2 protein chains.
Amino acid sequence: MSLPAVAVVGATGAVGSRVVRILEERAFPLRELRLLATERSAGARVPFRGETLVVEPTAPEGFRGVDLCFLAVPGSATSRTLAPQARAAGAVVIDKGSAFRMEPEVPLVVPEVNPASVRGHQGLLATPNCSTIQLVVALQPILRAGGGLRRVLVATYQAASGAGQGGADELAAGSRDAAHPPRVFPRPLAFNVIPHIDAFDLAGGFTQEELKLRRESRKILGLPDLRLSATAVRVPVFVGHCEAVYVETERHLTHAEARAALAAAPGVKLVDEPAAAAYPTALDAAGRDDVLVGRLRPDPDEENGLHFWVAADNLRKGAATNGVQIAELLVGEGLL
Amino acid sequence: MSLPAVAVVGATGAVGSRVVRILEERAFPLRELRLLATERSAGARVPFRGETLVVEPTAPEGFRGVDLCFLAVPGSATSRTLAPQARAAGAVVIDKGSAFRMEPEVPLVVPEVNPASVRGHQGLLATPNCSTIQLVVALQPILRAGGGLRRVLVATYQAASGAGQGGADELAAGSRDAAHPPRVFPRPLAFNVIPHIDAFDLAGGFTQEELKLRRESRKILGLPDLRLSATAVRVPVFVGHCEAVYVETERHLTHAEARAALAAAPGVKLVDEPAAAAYPTALDAAGRDDVLVGRLRPDPDEENGLHFWVAADNLRKGAATNGVQIAELLVGEGLL
């Protein structure tokens with residue numbers, strides 16, 4: 001086919017605006033870019049490849065002639081409304097939200113990890129939760145080198161922008177004024193740490209964010225019984241999710257073997273020189289597309305246990321970049 | 001004996017100033033309070049029980065007649081100089097630093113956990129690292145109810161004031177001005193997360209802060225072989241350390257049994273009602289003496305696995321309050 005017409009829905013949001021920027025950065029092949037957003041944001045002007053695009057209000061007619069649609073809207077309900085409209089217009093939809101991720105016929109794709117999952121797609125693909133993406137990019141090489149994963153435990157340190165631009169704005173306001181009332185987060189986030197992201201599952205006591213890490217990792221890695229538990233925590237950072245990961249492999253991996261596996265893994269940048277105090281922080285990850293991994297060390301007690309630390313830009317690799325990479329994969333495989 | 005004469009060394013620092021405040025709050029029985037600090041802070045005036053005390057420069061003569069000395073000074077070298085001076089003057093020393101904690105003849109005391117350790121003290125007792133104290137207060141009831149601990153994994157979220165007042169000041173400055181150069185922390189802490197506290201042990205890849213959690217917990221709990229690993233992380237919070245804890249007990253504990261054990265434990269305040277979104281945050285812990293525990297939930301895969309979340313004021317229960325509680329224990333046992 002000729003170059004695709006592309007739409008970005010939610011183009012003025014934290015993720016959508018980065019999709020536009022990344023399409024430009026990566027010179028994604030397209031013949032037309034259409035930017036859609038809410039009525040409130042319509043009329044906004046966005047630079048793209050030396051031109052200025054005007055944001056239009058999202059409406060079913062807006063999808064006419066679109067071949068590829070990035071959905072970067074908050075809330076599953078909006079995705080459930082818009083995805084069928086875009087598909088009805090003939091577009092392939094890449095949704096950054098959680099509405100469709102666990103549906104069996106929807107590929108849940110991290111291009112470095114499960115690229116083959118895009119084959120046979122039915123017009124709708126999903127990009128995983130931000131905290132899941134960086135985890136599986138780092139787990140996959142350990143899984144392969146270690147002949148399997150016996151279990152994974154994760155504690156996250158998640159940035160405010162994981163809750164969208166409104167989350168980042170609330171952190172900024174709260175940092176200036178301690179009395180700023182929280183609306184996006186369940187408690188004031190400035191100079192605080194909140195062990196609560198998304199709704200609680202009252203039966204088990206885990207939050208949906210923690211359960212997403214489990215479910216989505218299982219689907220992406222193709223390990224439906226993977227033993228993985230998480231504690232998901234919001235921290236007062238604007239951009240950049242971090243994770244403290246503990247993993248037990250089936251086969252013993254030496255430190256050197258684990259290091260080599262990570263160093264060679266696609267999408268991973270190893271930043272791990274304790275002697276030089278080199279390890280990734282949230283700020284190091286912000287603005288980059290790599291998943292940064294450091295603090296790799298064997299557990300002192302469990303022969304097959306390894307600890308490491310992962311940092312990534314939750315808006316880029318955790319959302320927008322991953323979505324654009326899925327689109328590149330579709331183009332490369334002739335699946336668009 | 002008559003009421004003791006008490007000295008606080010480092011009385012103007014983050015921990016020392018809280019020792020003074022807590023001695024007043026808890027109406028600690030004393031006949032005289034002497035405040036010592038560096039030359040730079042000498043002359044400062046500190047209110048205490050309706051009077052105004054003047055801070056004196058620390059000097060060997062300052063310990064004359066002192067029965068009980070709280071050492072709240074930064075750096076092991078200073079403790080190693082001052083502790084013998086205070087002991088030579090006849091004072092019992094309670095050191096908040098790490099210089100003496102692992103010496104076999106020095107009791108490492110968390111009064112709720114190992115009060116009997118103060119018996120037979122030789123004039124020098126140590127209060128553990130802040131991150132250790134809140135961990136063992138929460139672990140002890142699980143250990144008892146569960147018939148032992150198979151293993152413990154901890155990821156910490158530690159406040160800037162864990163590095164003293166200078167750490168808190170640097171976070172404040174960095175939060176106002178992103179270009180503020182870090183001196184106390186290895187990287188800018190404002191709106192960042194840094195997986196590096198204290199020096200690296202290059203052999204194993206853990207930091208000293210992480211190794212302290214292991215060594216000190218083993219000593220306090222009387223479990224020299226306890227399998228415990230940690231990832232210690234600095235977060236942009238002024239006061240209040242949090243910890244995501246995973247533990248496996250020897251005997252299976254139901255959720256209700258674990259909850260009951262924590263609810264009944266001295267020093268623990270259970271804040272754990274997912275249906276009401278009740279769980280502890282760092283800000284909730286700041287200014288309090290309890291160790292707050294929440295997010296208790298069984299691991300979905302490991303029958304004897306439990307997850308929980310701990311928050312405490314690192315300057316109070318994590319240092320000053322614990323030190324004053326040790327002094328109260330000494331008084332109560334007639335060991336001063």
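**Note on a predicted two-chain model**

1. Chain A contains 8 helices and 14 strands; helices (H or I, at least four residues) and strands (E, at least two) are DSSP runs, numbered from the N terminus. This is a predicted model, in which local features need pLDDT of at least 70 and side-chain atom pairs count only at pLDDT 80 or more, while totals for chains, interfaces and linings use all residues. Residues are numbered from 1 along each chain as its sequence is written, and chains are lettered from A and ligands numbered from 1 in the order in which they are written.

2. On overall form, the C-alpha trace of chain A spans about 60 × 50 × 45 Å along its principal axes. Chain A has a radius of gyration of 20 Å, which agrees with the value near 20 Å for a compact globule of 336 residues. The radius is taken over C-alpha atoms, and the globule rule is 2.2 Å times the number of residues to the power 0.38.

3. Of the 336 residues in chain A, 60% are buried. A residue is buried if 20 or more other C-beta atoms, placed from the backbone, lie within 10 Å of its own.

4. Among contacts in chain A with a separation of 6 or more, 67% join residues 24 or more positions apart. Two residues are in contact if their C-beta atoms, placed from the backbone, lie within 7 Å.

5. Helix α1(A) covers residues 14-25. From first C-alpha to last, its 12 residues reach 17 Å, close to the expected 16 Å (1.5 Å times one less than the number of residues). Since 9 of its 12 residues are buried, α1(A) is largely enclosed by the rest of the structure. Its buried residues pack against β1, β2, β3, β6, α4 and α8 of chain A. After the helix comes A27(A), with a positive phi near 50°.

6. Chain A can be laid on chain B with an RMSD of 0.0 Å by a turn of 180° and a shift of 0.0 Å along the axis. The two copies are therefore related as by a two-fold rotation axis. The superposition is by least squares on the C-alpha atoms of residues with pLDDT of at least 70 in both. The same surface serves both copies, as 100% of the contact residues of chain A recur in chain B.

7. The contact takes 45 residues from each of chain A and chain B. On the side of chain A, β9(A) gives the most, with 4 residues. This side divides into 29 nonpolar, 9 polar and 7 charged residues. Ala, Val, Leu, Ile, Met, Phe, Trp, Tyr, Cys and Pro count as nonpolar, Asp, Glu, Lys and Arg as charged, and the others, Gly among them, as polar.
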